[in-house]
Amino acid sequence: ISVIALMPNLKVIDLSGHYHFTISNTDIVGILSNRCLLLEELHLSNCWIPAGKLEGLKELKCLKRLNLDHESLEYESFDGFLDTALAFSCFASKVLPHMKELEYLSFRSANFRVEDIVPFVRNAGPKFKCLYLNVP
C-alpha cells in the first residue's frame with residue numbers, strides 16, 4: 001500500500017480480492033482518495049469495504065469505472081460491514097452525486113431493494129451509462 005503514495009498519476013488499479021484491508025483496518029478508500037486523485041478505473045471486488053468508508057470515493061472526481069462486487073455477502077463478520085444494502089444506499093445518496101465522471105458501476109448483492117435503485121438513478125451524473133447489478 002505504501003507504493004501507492006509513489007504513484008499519484010495512477011489511472012487504473014485492481015485491488016480485487018484483498019479482503020485483508022478490512023481485517024487489518026486499512027482504509028484503502030481513504031488512501032486512494034488522498035493519494036490517487038487521477039484514478040479513472042477502480043476495482044475493489046471482494047475487498048469488503050464498510051459502507052461508511054465508501055464516502056471517501058467522492059474525492060475521486062476522475063473516476064469513470066467502479067467495481068464493488070462481493071462474493072461472500074452472507075457472512076455477518078467483521079462488525080457487520082457486509083450490509084450491502086446499506087453500502088449501496090450510502091453510495092447512491094452520499095457518493096454518487098459527487099461523481100460526475102462516473103460511467104459504470106458494478107455491484108453484487110444478495111439483498112438489493114427496489115427502493116435503493118431509485119435514488120441511484122436520480123443521483124447518477126450525465127455521463128453515467130451502465131449500472132450492473134448482480135444478484136446471486
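Reply: A residue counts as buried when its relative accessible area is under 20%, as exposed when that area is over 50%, and as partly exposed in between. The model discussed here is a predicted one.

Me: With that cut-off in hand, is H43 buried or exposed, and in which element does H43 lie?
Reply: The relative accessibility of H43 is 17%, and because the limit for burial is 20%, this residue falls on the buried side. Beyond residues up to four places away in sequence, H43 touches I13, D14, L15, S16 and N67. H43 is therefore buried, and the element that holds H43 is strand β2.

Me: In what order do the elements of the protein chain run from the N terminus on?
Reply: The protein chain has four helices and five strands. Of its 136 residues, 40% count as buried, and among contacts with a separation of 6 or more, those between residues 24 or more positions apart account for 77%. Read from the N terminus on, the order of the elements is β-α-α-β-β-α-β-α-β.

Me: Which residues does S33 contact, once its neighbours within four places in sequence are left aside?
Reply: S33 is part of helix α2, which covers residues 28-35. Its relative accessibility is 6%, so S33 counts as buried. With the neighbours within four places in sequence set aside, the contacts of S33 are G56, E59 and L60.

Me: How far apart in space are M7 and R35, C-alpha to C-alpha?
Reply: M7 is placed in the segment before β1, and because its relative accessibility is 33%, M7 counts as partly exposed. In sequence, 28 residues separate M7 from R35. In space, the distance between M7 and R35, C-alpha to C-alpha, is 7.8 Å.

Me: Which residue meets K11 in a salt bridge, and where in the chain is that partner?
Reply: The N to O distance between the two side chains is 3.7 Å, and the partner of K11 is E40. The pair links distant parts of the chain, 29 residues apart, with K11 in the segment before β1 (12-14) and E40 in the loop between α2 and β2 (41-43). K11 has a relative accessibility of 39% and so counts as partly exposed, while E40, with a relative accessible area of 27%, is therefore partly exposed. The partner asked for, in the loop between α2 and β2, is E40.

Me: Which residues are linked with E55 in a network of salt bridges?
Reply: Between K58 and E55 the closest N and O atoms of the salt bridge are 4.0 Å apart, and the side chains of E55 and K94 meet in a salt bridge at 3.8 Å, N to O. The latter pair joins distant parts of the chain, 39 residues apart, with E55 in the loop between β2 and β3 (65-67) and K94 in helix α3 (residues 84-95). Relative accessibility is 22% for K58, 26% for E55 and 41% for K94, so K58, E55 and K94 count as partly exposed. The residues linked with E55 in the network are K58 and K94.

Me: How many salt bridges does the count come to?
Reply: Among them are the pair K11 and E40, the pair K58 and E55, and the pair E55 and K94. The count comes to five.

Me: Against which elements do the buried residues of α3 pack?
Reply: In α3 the buried residues are T84, A85, A87, F88, C90, F91, A92 and V95. An α-helix has 3.6 residues a turn, so residues three or four places apart point the same way. The elements against which the buried residues of α3 pack are β3, β4 (104-108), α4 and β5 (130-134).

Me: Is α3 roughly parallel or roughly antiparallel to α4?
Reply: In the contact, A85, F88, S89, F91, A92 and S93 of α3 meet D116, I117, P119, F120 and N123 of α4, and by class these are seven nonpolar, three polar and one charged residues. The crossing of the two helices is left-handed. The axes of α3 and helix α4 (residues 114-123) come within 8 Å and cross at roughly 25°. Because angles under 35 degrees count as roughly parallel, the arrangement of α3 and α4 is roughly parallel.

Notes:
Residues numbered from 1 in each chain as written. Predicted model: local features only at pLDDT ≥ 70, side-chain atom pairs only at ≥ 80, totals over all residues. Heavy atoms only, no water. Buried < 20%, exposed > 50% of the residue type's maximum accessible area, 1.4 Å probe, protein only. Contact = heavy atoms within 4.5 Å. Axes fitted to C-alpha atoms, helices over the stretch in contact; angles between N-to-C directions. Parallel < 35°, antiparallel > 145°, perpendicular 65-115°, else oblique. Left-handed = near helix turned anticlockwise from the far one by under 90°. Nonpolar A, V, L, I, M, F, W, Y, C, P; charged D, E, K, R; others polar.
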